[in-house]
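Q: Hi, I've got this one open on my screen. Could you walk me through it?

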Amino acid sequence: MKILQDEDLSKYTSVRIGGTAKTMYFPESRDELIDLIKHHDTPVFISGGSNLLINNREFETVINLKSVDSSLEHLGGGRFRAGASVHLQKLINTINKNGYGGIEYLFSVPGLVGGAIVMNAGRGKTHKKCISDYIISVDAIRDGAPITLEKESCGFDYRTSVFKNSNMIVTSVLFKFPEMSAEETAQAKNDRIALCREKQDNSRPNFGSVFMESSPLIMRLARSLKIGGKRVHFSGKTTNWILNEGEGTFQDALNAIQKVERMHKLLGQRCRREVIVIE
């Protein structure tokens with residue numbers, strides 16, 4: 001497997017913030033990943049790097065999951081097995097090519113299948129659509145051993161699952177997608193791209209959504225007050241996004257997030273983070 005020393009972690013996050021990895025491993029199979037887990041105490045795991053805020057410090061061991069399983073198989077009848085390292089766009093294009101669909105709203109997400117499962121990626125609470133709608137089972141590693149969990153045991157809920165903040169690492173997923181015409185799936189992808197161009201601010205590095213649940217009024221207030229300062233601030237276009245102007249630090253971003261959380265608490269409003277913080 002590839003092993004890097006003193007690697008800059010900001011290169012591996014969509015917001016371009018992070019410290020350094022004294023040693024970063026890139027396992028290329030489940031067996032290599034299991035061996036690393038058995039021989040390293042408390043490693044940091046990273047995958048696609050969106051929705052991830054990493055401290056500006058040195059970490060002893062970082063395991064990058066981007067190459068652990070990039071396999072993608074069509075098993076027939078709308079069933080597909082996808083490795084955790086498969087890009088979402090590749091999964092969507094593959095199922096569409098074979099006459100299936102259902103998750104085209106994730107076509108704009110720059111993430112991997114594993115991360116999408118952990119976060120139960122979806123279109124939004126009002127649309128009530130998420131990737132777990134099409135999951136049969138999930139293969140994972142727990143305490144250094146492979147396990148398979150049926151969908152009912154995965155604890156899927158809005159933007160969460162049993163895999164989030166746990167000792168389990170997703171390695172592959174078995175899906176079953178419904179039949180959809182090529183015209184329908186192409187239109188769904190085009191609609192998603194058009195919506196993102198209109199609504200999303202990708203002018204600077206960002207997390208994507210900062211909070212999975214928040215008050216729209218407070219988020220607009222955070223934007224107008226320019227919470228976060230000049231280096232890191234909430235977007236003027238996409239309310240729930242933080243932009244890194246180029247020199248933003250871990251503490252800059254965390255301070256902005258925590259300040260908005262305090263505003264919610266003071267005003268008695270619910271607020272839940274979607275960003276995962278590694279301190």
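A: Happy to. This is a predicted model, and buried residues make up 49% of the 279 residues in the protein.

Q: And how many helices and strands are there in the protein?
A: The protein has 6 helices and 17 strands. Its radius of gyration is 19 Å, close to the 19 Å that the globule rule gives for 279 residues, so the protein is as compact as a globular protein of that length.

Q: What does the C-alpha trace span along its principal axes?
A: About 55 × 45 × 30 Å.

Q: Of the contacts between residues at least 6 apart in sequence, what share joins residues at least 24 apart?
A: That share is 64%.

Q: Now zoom in on strand 7 and strand 12: how many bridges join them?
A: There are 5 bridges between strand 7 (residues 79–83) and strand 12 (residues 168–176), and the two run antiparallel. To find the pairing on screen, look for Gly 83, whose bridge partner in strand 12 is Ser 172.

Q: I've clicked on Val 173. Is that residue buried or exposed?
A: Val 173, which is found in strand 12, has 0% relative accessibility, so it counts as buried.

Q: And what is Val 173 in contact with, leaving aside its neighbours within four places in sequence?
A: Its contacts are Phe 80, Arg 81, Ala 82, Val 113, Ile 117, Ile 135, Ser 137 and Val 138. Ile 136 is another residue to look at: its C-alpha atom is separated from that of Val 173 by 7.8 Å, although the two are 37 residues apart along the chain.

Q: Changing topic: how many disulfides does a search of the whole structure find?
A: The search finds 0. Take Cys 154: the nearest cysteine sulfur belongs to Cys 130 and is 12 Å away.

Q: Are Cys 154 and Cys 271 buried or partly exposed?
A: Cys 154 counts as buried because its relative accessibility is 0%. Cys 271 has 22%, so that cysteine counts as partly exposed.

Q: Which strands does strand 2 pair with, and in what sense?
A: Strand 1 (residues 2–8) is joined to strand 2 by 6 bridges, and these two run antiparallel. Strand 5 (residues 58–64) pairs with strand 2 in the parallel sense over 5 bridges.

Q: Which residues stand opposite each other there?
A: Leu 4 stands opposite Met 24 in strand 2, while Thr 20 stands opposite Glu 58 in strand 5.

Notes:
Residues are numbered from 1 along each chain as its sequence is written. This is a predicted model: local features need pLDDT of at least 70, side-chain atom pairs count only at pLDDT 80 or more; totals for chains, interfaces and linings use all residues. Side-chain values use heavy atoms; hydrogens and water are left out. Two strands pair if DSSP finds at least two bridges between them. Helices (H or I, at least four residues) and strands (E, at least two) are DSSP runs, numbered from the N terminus. Buried means under 20% relative accessible area, exposed over 50%, partly exposed in between (1.4 Å probe, protein chains only). Contact means heavy atoms within 4.5 Å. A disulfide is a pair of cysteine sulfur atoms within 2.5 Å. The radius of gyration is taken over C-alpha atoms; the globule rule is 2.2 Å times the number of residues to the power 0.38.
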